[in-house]
Amino acid sequence: MKSGAFHRLIGGHRFLFACALCVFGFCMAGAAVQLQDEQREQSQSKVILLHADDLHYDQYRHPGAQILTGNVAFRHEDVILYCDSACIYKETNSFDAFGHVKMVQGDTLTLVGDVLYYSGLDQLARVRHNVVLTHRESQLFTDSLDYDRLYDLGYFFEGGRLVDKDNVLTSEWGQYNTVSREAVFNYNVKLVNPKFTLISDTLNYNTLTSMAEIVGPSNIDSGDNHIYSESGFYDTQNDRAYLLQRSILTNNGRKMIGDSLFYDSEKGEGKAYWNIIYTDELNKNMLTGNYCYYNEITGYSEATDSAVAIDYSQKDTMYMHADTFKIYTYNINTDSVYREMRAYHKVRSYRADVQGVCDSLVYNSKDSCITMYKDPIVWNGLQQILGEVIKIYLNDSTVERIHVIDQTLSVEQLDSVHYNQIAGKEMISYFDNGEMKQTWVNGNVYVDYYLFDDDSLMIGMNYTETTELKLFMKDRKMSRIWMPASTGTIYPVLMIPPNKLYLSNFAWFDYIRPLNKDDIFVWRPKKAGTELKTSLKRKAPIQKLDKIIRR
């Protein structure tokens with residue numbers, strides 16, 4: 001195709017497209033004009049005078065008006081209006097009503113006031129002084145209200161008060177839709193309920209559902225509970241809150257923050273989702289994660305999904321991670337109240353001076369005891385302690401003593417090859433200001449302990465077997481050892497037999513140890529074959545009554 005023909009073809013298509021747009025535009029304009037005419041015809045229905053005791057004219061004071069007095073009644077479409085006196089303007093299809101004004105629309109809406117200015121063309125009623133809008137069970141009190149019948153919308157601008165069931169809402173400006181039953185309040189908004197008080201700058205409220213929508217900075221107070229939110233919903237009838245955008249829930253020194261929160265005041269239940277921070281200022285601990293549940297009535301709480309328990313009551317903060325944390329409260333609301341925290345599966349904890357791992361853990365505030373189960377390990381400096389069960393007793397959040405039960409092993413690293421080692425059935429270590437002062441070991445005790453001269457030069461190793469051992473420490477060094485009858489050998493460093501260098505159950509789990517507060521999320525299990533195998537605990541046989549031979 002030649003260039004000239006191509007351009008003529010394109011030009012023809014453009015002309016057709018422009019014609020089509022013009023036709024479409026005329027059609028749309030015609031439809032818009034028709035719609036406006038229909039609305040105008042509807043709005044131009046005449047205001048009809050139903051009754052008046054007296055009718056007269058005063059062209060000087062009220063030109064073009066019929067002056068009505070005594071039991072005046074009007075009708076405009078489905079609206080009936082009553083007043084003491086009025087001026088009706090037939091030219092503009094409007095009237096001004098005075099004294100005991102009452103407008104009735106169907107059986108659901110009543111509007112009263114001292115003065116009303118009504119335009120039949122715009123279907124706008126402007127009511128002034130002592131205004132009360134009654135819609136079903138709700139009442140709106142104000143001094144100035146405009147009611148637009150075309151949009152079923154009433155709005156006030158000089159302060160108003162909405163009474164709905166148990167709720168009383170006040171604000172400087174607001175509007176109410178009688179069809180959707182939605183109310184919008186702005187500036188110094190206050191919602192008062194027998195159970196709570198809500199203060200905000202902007203609030204949406206539905207009289208059908210009694211649901212308040214929070215769309216700006218808001219504070220909700222209910223007894224000891226306080227809620228701050230900038231987005232969410234509050235079910236005033238059931239006293240439930242659904243909050244978004246990092247809302248804050250506080251209760252007696254406890255604070256919960258999350259991307260979204262749910263709170264049921266009657267049940268005392270709170271739930272938080274994503275990026276949660278739960279803080280207990282009284283006990284100086286925190287709980288973080290992506291899901292948290294709390295019941296203030298029973299004292300039960302739970303956290304999962306990247307959950308971390310944080311204790312900052314001491315100089316060094318402790319961080320603990322587990323798949324799930326659960327907290328139970330016993331004897332709540334009594335002087336003997338105590339709590340029990342349970343951590344389930346892949347527990348890892350880090351504090352600058354103490355680190356630990358285990359499969360599950362229980363902390364009881366009654367005796368301030370932490371019990372670690374299934375392959376527990378505790379590190380303190382270069383010291384490692386492990387066994388089947390480890391109990392850690394605290395005094396003001398500092399370690400007071402550690403009790404290790406069954407398959408006990410205590411290891412102190414001296415260098416990459418040499419380790420002080422103590423193994424036995426049971427071990428208790430006592431601490432003072434975070435330092436080990438005394439250790440007691442009982443039952444099949446085995447000891448590998450290295451000797452040093454006055455210049456801290458390693459000179460040999462003491463291998464000992466005994467039934468009981470007491471080890472005393474000073475300045476983090478052994479000061480003396482006590483044991484009953486024992487057998488042992490001291491080997492010079494260069495003559496230590498390879499089979500005596502390490503005890504039979506020796507293990508150094510430095511590859512498992514949490515390195516910092518972020519490392520608690522990385523679970524590293526023991527290498528295959530190094531897990532503790534639970535020792536069998538046999539009970540003495542008890543003779544049963546039916547086995548006794550009667551003679």
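## Charges over rings

Lys500 lies over the face of Tyr463, 4.2 Å from the ring centre. Lys517 sits over the face of Tyr319, at 5.8 Å from the ring centre. A charge sits over a ring if NZ of Lys or CZ of Arg is within 6 Å of the ring centre and within 35 degrees of the ring normal.

## Basis of the model

This is a predicted model: local features need pLDDT of at least 70, side-chain atom pairs count only at pLDDT 80 or more, and totals for chains, interfaces and linings use all residues. Residues are numbered from 1 along each chain as its sequence is written, and side-chain values use heavy atoms, with hydrogens and water left out.

## Aromatic pairs

Rings of Phe, Tyr and Trp (its six-membered ring) pair if their centres lie within 6.5 Å; planes under 30 degrees apart count as stacked, over 60 as edge-to-face and the rest as tilted. By this rule the count comes to 15 aromatic pairs. One of them is Tyr273 with Tyr291, tilted, at 5.5 Å centre to centre and 55 degrees between the planes. The pair links distant parts of the chain: Tyr273 is in strand β21 (residues 269–280) and Tyr291 in strand β22 (residues 285–295), 18 residues apart. Strands are DSSP runs (E, at least two residues), numbered from the N terminus.

Tyr273 has 32% relative accessibility, so Tyr273 counts as partly exposed. Tyr291 is also partly exposed, at 22%. Buried means under 20% relative accessible area, exposed over 50%, partly exposed in between (1.4 Å probe, protein chains only).

## A further pair and a cluster

Tyr278 and Tyr294 have ring centres 5.9 Å apart and planes at 35 degrees, so this pair is tilted. Tyr278 is in strand β21 and Tyr294 in strand β22, 16 residues apart. Tyr278 is buried at 11%. Tyr294 is buried at 13%.

Elsewhere, ring pairs link Tyr419, Tyr502, Phe506 and Trp508 into a cluster.

Methods:
Helix = DSSP H or I, 4+ residues; strand = E, 2+ residues; numbered from the N terminus.
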